[in-house]
Amino acid sequence: MSIIHDMIHTNTNQNVEVINITSNVNDIIRKYDITNGIVNISTKHTTSSIMINEDEEGLKKDYAKFLEKIVPNDNYLHDRIDNNATSHLKAMLTTPTQTLPIIDGKISLGTWQSIFFVELDGPRSNRTINIMIIGD
Ligand code: ZN
């Protein structure tokens, strides 16, 4: 059994951006020749999240619109420090981490499932995602 740590780094271009990282994670699983196990994917940032859903352009735009609607600006206290309270609050509604099974050398996902890094305070450079694998 192996315990492996690797990372994905990405730049983002929009304030809210949904980035498909499924192939990046599968590349790491292949790189270490893992056949079966589990993979944990976690963002290192408080204004981003890791999400599993469908990679469809309209839905990704709907998601940004939905977050805007449920977390409008409201003179939040954190804005006195770095003016990004709504980005943190959007991240708190989601999750910073996902754990998934690796079966036959790749992440076991449904046909319409993809893994996304979700930027909630972009654009940013060098966002870091931890990949932790336990398997063989
Ligand atoms: Zn902040």
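## Zinc site

Donors are N, O and S atoms within 2.8 Å of the metal (3.2 Å for Na, K and Ca); water is not among the atoms, so sites may look incomplete. In this predicted model, local features need pLDDT of at least 70, side-chain atom pairs count only at pLDDT 80 or more, and totals for chains, interfaces and linings use all residues. Residues are numbered from 1 along each chain as its sequence is written, and side-chain values use heavy atoms, with hydrogens and water left out.

The zinc ion has as its protein donors His78 (NE2), Asp82 (OD), Asp82 (OD), Asn84 (OD1) and His88 (NE2), at 2.0 to 2.6 Å. Along the chain these donors follow the spacing H-x3-D-x1-N-x3-H. Histidine 78 lies in the loop between helix 2 and helix 3 (79-82) and histidine 88 in helix 4, so the pair ties together parts that are 10 residues apart in sequence. Helices are DSSP runs of H or I with at least four residues, strands are runs of E with at least two, and both are numbered from the N terminus.

## The two histidines

Histidine 88, in helix 4 (residues 85-93), counts as buried at 15% relative accessibility. Histidine 78 is partly exposed, with a relative accessible area of 28%. Buried means under 20% relative accessible area, exposed over 50%, and partly exposed in between (1.4 Å probe, protein chains only).

Not counting residues up to four places away in sequence, histidine 88 touches Thr46, Thr47 and His78, where contact means heavy atoms within 4.5 Å.
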